[in-house]
Amino acid sequence: MKQWNRREFTASVAALGLLSPHSLFAADPGDPYRLVDPELRPALKAIPQLVLTPELLAIARKTPARPNLPPPAPQPVERHIPGPAGAPDIHITIVDLNPGTKNRPVFVHTHGGGMVTPNPGLNPLIQSIAQDCHCVVVSIDYRLAPETTYAGSTADNYTALKWVYANAETLGIDRARIAVGGESAGGGHAALLAQHARDQGEIPLCFQMLMYPMLDDRTGSSRAVPPAIGRFVWNAQCNNFGWTAFLGQPAGLPTVPPGSVPARVDKLAGLPPAWIGVGSIDLFVDEDLEYGKRLLDSGVSTEIFVAPGAYHAFNFIVPDAKVSEAFNASWKSALRRAFATA
């Protein structure tokens, strides 16, 4: 598939009919915050409704990274590894709690950002995963859309996974305990990575941790969103923008390129066990529940956690809320169990 230039991408996004912030609430004139958990409301009211455009994307990519957690938290180490054939090297970040130790589990992480931005809060997140789940973490800085569509980022992620597997002894990891996961778009990338690894048959995965994953380009485009969900943080307009950039074609078309949209893959049998978590008013709640049901129907052991009154990325925005603490405890516990039983 050809790569879009900036003019072509902008024209396609404009053709989607971008929503204004006010139109997000047009279907329901009631209090837009009534379904939000009370502990999550104050922070949410300080966040403006987002209308994602190429101009705003350029600004978002300049958001400074959050500082690392200080020692004694394990400090991230950045390096470059060879990329796919004909592609640039891949930047990865490694967090190792106990360097020199052997046979540890590894969590291969793909970051969120709507398919189009990096994650400025990345390092503190992966530091905490390494600490709380007692594993090595390798986070992949895959190429972003629209400059690179799904084929490039998928190749980056799988190439990095193969590098982890090939360098297991050097990294001190156990090849039988490799998990993948990520948040939001990173959850979508992780789902694609798990599907690709299954299809290639080269690298066994023990688990996939999908935190409010971005799985279906039809949400908010060819499939209407119920008025009670998807109002906050990441809305239907943002979703159209991200998927259009990622696919190189407008979101929600009748067909998509094979292996580009996790929810459109026909066969899910043979995938690793999964944890899927999402807020009850997150834009992704319906698609995540449907994907979880399909995994269960396909014989894939799957745990599903729905956080009541929670919007997209709530556990990062208000980490001390009770619902955030329960959510984070659930996925960390699931990841630790997967490593213990692999």
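Visitor: With which residue does Asp96 form a salt bridge, and how far apart are the closest N and O atoms?

Guide: This is a predicted model, in which local features need pLDDT of at least 70 and side-chain atom pairs count only at pLDDT 80 or more, while totals for chains, interfaces and linings use all residues. Residues are numbered from 1 along each chain as its sequence is written, and side-chain values use heavy atoms, with hydrogens and water left out.

Asp96 forms a salt bridge with Arg104, and the closest N and O atoms are 2.6 Å apart. A salt bridge here is a side-chain nitrogen of Lys or Arg within 4 Å of a carboxyl oxygen of Asp or Glu. Side chains of opposite charge can pair when their charged atoms come close. Both Asp96 and Arg104 are buried; buried means under 20% relative accessible area, exposed means over 50%, and partly exposed lies in between, for a 1.4 Å probe and protein chains only.

The structure holds 11 salt bridges. Another of them links Arg177 and Asp174, with the closest N and O atoms 3.2 Å apart. Arg177 counts as buried because its relative accessibility is 18%, whereas Asp174, at 22%, counts as partly exposed.

A further salt bridge joins the side chains of Asp216 and Arg218, at 2.8 Å from N to O. Asp216 is buried, as is Arg218. Salt bridges with shared partners connect Asp216, Arg218 and Arg223 in one network.
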